[in-house]
Amino acid sequence: MASLARAYGKLLAALICAITVAWVLVLIVVPIGAMLEQSLWWRESGGDITLSIDRLYNEIAVIELDANTATDPAKRAAIESTLEQKRTEIATLEAQETNPPKMYGLANFTRMSSLHLYIFVRTIFYALLVTLLAFIVCYPIAYAVALASGPRKTVILTVALIVPYAINELLRVYAWLMILDYRGVINGLLAWAGFIDLDAREWIPFLENPSAVFLAMIYTYVLFMVFPMVNTLETLDRNQIEAARDLGASTWRIHRRVIIPHAKPGIAVGCIMTFMLSAGSYSVPVIMTRGQGGDWFSQLVYRQFYESNNWNMGSAYAVSLLVVCTAFILIMMRLFGVGLRDIAK
Amino acid sequence: MSTATESPAARLVLNIYVGLFCLYLFLPLAVMSAAAFNAYPYPSVTQWQGFTLEWFVALAHDQRLLKGLLNSVIVALGVIAVSIPAGLAGALILTRLSERSGTFLYSVLVSPVLTPGIILGISSLIFWREFGVPGGLFVAVMAQSSFIASYAMLLFLARLQRQDRTLEEAALDLGARHTLVFRRITLPFLAPTAFTAAVVAFLQSFENYNTTVFAIGGEWTLVTEIASRLRFGLSPVINVVGVIFVVLTLLAASAYVVLKGKPKR
């Protein structure tokens, strides 16, 4: 802090600190904290309370009937007092019903139904698979862009990669939707070739298959894998490859012992980004499946907030997702021996 | 200039693979663009019913999409206003902190980039409801800024690492006031980066969906409006939006190549 004040003066230093603190608190830490807090409580709006209220009303109705027929004043007073008692009981219960007490605990996490838990696990598994496939698809591309082409071709290739990357994620998904839809391009071509008849609704339902989400997801996030890998591979001295080859190493061995070790930070970053984006993706599954394929976990989270209106449950789902993503990042950083500073490059 | 480290056969395979990959990247976009000009009311390229511009006209009359476009621009400008000062302040502090004490702050400031977008949207939605602010454009600005400010900070950090600090120190030694030094030396040095950061912030904000859809509540941006239409059916009007995006991106990319290509020659 002292060096900040020396460089920019007390006033500016204070302003800089204030802005940074505001950023950390208002945009990052407190909102995440609020979400965590929201996930840890719920309101006991049980059907039990409603039932007891209904029962009390019934009892009152019966007692009132008694009160009307009772002639003995002492008995009548006794009935009145029980009536009063029941009425206050109803009042407290109704207050509880409209504003149930907050209960703290982990119930939002443990209450996740087995179907939702299955979707959660499946989403994580699919995201891992997307990450792995994206890596396999990207490695040759990153290698070609960074090492195997001349500078001119590299510029062209880089632009060729940046253009689709810069186009809106949704529109990229939409392009695949058009291709795989019932009356989409592939079914259209099949109909044109005479294999199927669209008028008889004989199309192939690609969109009802989870692999449609897969295809579009790899298409959407593959470039987040390419760029970090290209960045690290570009710093590899090509002479190292030449030297290895001159010393008789096979192509496979060169990749395994020279190129991949050098690309490690890039691979880690690419995997982290791809996993994080696909595990938390809402756009791709919601557009590709349109409710016909299997749900992705993010869709469940959205419904908790905007359809069931159960923010506590929704927060618990979101926290679960955040925990898995954080764990993945930490594991990757450990495995590949990279720090956070390498990641953000 | 290329290094001939592979056998010709391996080179050929690699080239074919790169070619196929580019096809994979561009063919869907080409299909989407072509369908925008098809007179058929369902976006298609296989059922060609003649060239038309009627979907462009339909877009020009689509009030919800136009309002969404306006909202997108408002949100993006708001994000620039929040994230550029925040990113700059964060970068200035980090360059003055020692490696050790800086790492923790750095981790916190970079963490939103590594957080799934829907979580940023959800946490902002919950946080601002505490203050009685429902989901809408403001919450969308805040949610997006949380990670876009990190990108801005990374850009500023990279620039500050190349800064010659002796210049500022010399000015201070010669008796210039801190504010003057900041205004006349530091800010001009950072101005090009601030511009780049603003462009990046605008683009990131404009095309963001996963964060925005949670934070936007009952309002809508261009992108969330497109998404909600796609759930009910396809329309060539969306393809027109796609064409406009593709053309703008291609123009920007060509400008980039021309500018970048010149000094290299």
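Okay, let's start with a definition: two residues are in contact if their C-beta atoms, placed from the backbone, lie within 7 Å. With that rule, the contact between the two chains takes 79 residues from chain A and 79 residues from chain B.

Before I go on, this is a predicted model, where local features need pLDDT of at least 70, side-chain atom pairs count only at pLDDT 80 or more, and totals for chains, interfaces and linings use all residues. Residues are numbered from 1 along each chain as its sequence is written, and chains are lettered from A and ligands numbered from 1 in the order in which they are written.

Back to that contact. On chain A's side, the largest share, 20 residues, comes from helix α1, residues 2-39. Helices here are DSSP runs (H or I, at least four residues), numbered from the N terminus, and strands would be E runs of at least two. By class, chain A's side has 57 nonpolar, 14 polar and eight charged residues. Nonpolar means Ala, Val, Leu, Ile, Met, Phe, Trp, Tyr, Cys and Pro; charged means Asp, Glu, Lys and Arg; the others, Gly among them, are polar.

Now chain B, which has 11 helices and zero strands. Of its 265 residues, 44% are buried, meaning that 20 or more other C-beta atoms lie within 10 Å of a residue's own, with C-beta atoms placed from the backbone.

Let's zoom in on one helix, α5 of chain B, residues 117-130. How enclosed is it by the rest of the structure? Largely, because 12 of its 14 residues are buried; B:Gly117, B:Phe127 and B:Trp128 are among them. Those buried residues pack against α1, α13 and α14 of chain A, and also against α6 and α9 of chain B.

The axes are lines fitted to C-alpha atoms over the stretch in contact, and the angle runs from 0 to 180 degrees between N-to-C directions.

Who meets whom? From α14(A) we have A:Trp311, A:Ser315, A:Ala318, A:Leu321 and A:Leu322, and from α5(B) we have B:Ile118, B:Ile119, B:Ile122 and B:Ile126. That's eight nonpolar, one polar and no charged residues.

Last stop: after α5(B) comes B:Gly132, with a positive phi, near 80°.
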